[in-house]
Amino acid sequence: MPSKDCIFCKIANKEFNTEFVVETEDYVSFKDLSPQAPVHALVIPKQHFASLNEMKDAELMGKLLQGARETAEKLGVGDNYRVVINTGEKAGQSVFHMHVHVLGGRAMHWPPG
Ligand code: 5GP
Ligand code: ZN
């Protein structure tokens, strides 16, 4: 269900000239608009999935994790970073195009709020 109103589909389609940290044929990563840590980027599949729950392709899911690792490395936090996937509104998901958060550059707390 690619949505013409989906902001992340538009970013992946280069409609906003977003600077990508990493781009492959399957995904892109870019800096979060409202960073929650000194380094905060998002990895998104180019194909639209509303959430992790809609993804069935394990290979693509693995590629997104590789993308998270490479994004952390490129942004200089490859030794200490957190990967987060909010799934569902109550879990904090606000954009319904699946995305992987990559956070780093500061000490992280556990458990997350
Ligand atoms: P969620 O709350 O769904 O897990 O994460 C959505 C994230 O997308 C938030 O961290 C928010 O700051 C980020 N975001 C929302 N709209 C945009 C945008 O247009 N550009 C960028 N770079 N990030 C966005
Ligand atoms: Zn989308």
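This is a predicted model: local features need pLDDT of at least 70, side-chain atom pairs count only at pLDDT 80 or more; totals for chains, interfaces and linings use all residues.
Local features need pLDDT of at least 70 and side-chain atom pairs pLDDT 80 or more, while totals for chains, interfaces and linings use all residues. Side-chain values use heavy atoms, with hydrogens and water left out.

**Zinc site.** C6 (SG), C9 (SG), H48 (ND1) and H97 (ND1) coordinate the zinc ion (ligand 2) at 2.0 to 2.3 Å; donors are N, O and S atoms within 2.8 Å of the metal (3.2 Å for Na, K and Ca). The angles among the four donor atoms are 106 to 115°, and the site is tetrahedral, a label given to four donors if all angles lie between 85 and 135 degrees. For comparison, the ideal angle for four tetrahedral donors is 109.5 degrees. Along the chain the donors are spaced C-x2-C-x38-H-x48-H. C6, in the segment before helix 1 (7-12), and H97, in the loop between strand 4 (81-84) and strand 5 (100-104), are 91 residues apart; helices are DSSP runs (H or I) of at least four residues and strands (E) of at least two. Both C6 and H97 are buried (under 20% relative accessible area, 1.4 Å probe, protein chains only).

**Ligand 1 site.** Ligand 1 is surrounded by 17 residues, the closest being D32, N86, G92, S94 and H101; a residue counts if one of its heavy atoms lies within 4 Å. The table lists polar contacts, pairs of N or O atoms within 3.5 Å.

| Residue atom | Ligand 1 atom | Distance |
|---|---|---|
| K31, backbone N or O | nitrogen | 2.9 Å |
| G92, backbone N or O | oxygen | 2.8 Å |
| H101, side-chain N or O | oxygen | 2.8 Å |

Ligand 1 taken alone exposes 520 Å², of which the protein buries 81% (Shrake-Rupley method, 1.4 Å probe).

Conventions. Residues are numbered from 1 along each chain as its sequence is written. Chains are lettered from A and ligands numbered from 1 in the order in which they are written. Four donors count as tetrahedral if all angles lie between 85 and 135 degrees; four count as square planar and six as octahedral if opposite donors are over 155 degrees apart and all others between 65 and 115; anything else is irregular. Buried means under 20% relative accessible area, exposed over 50%, partly exposed in between (1.4 Å probe, protein chains only). A polar contact is a pair of N or O atoms within 3.5 Å; within protein, one must be able to donate a hydrogen and the other to accept it, and residues adjacent in sequence count only if both atoms are side-chain atoms.
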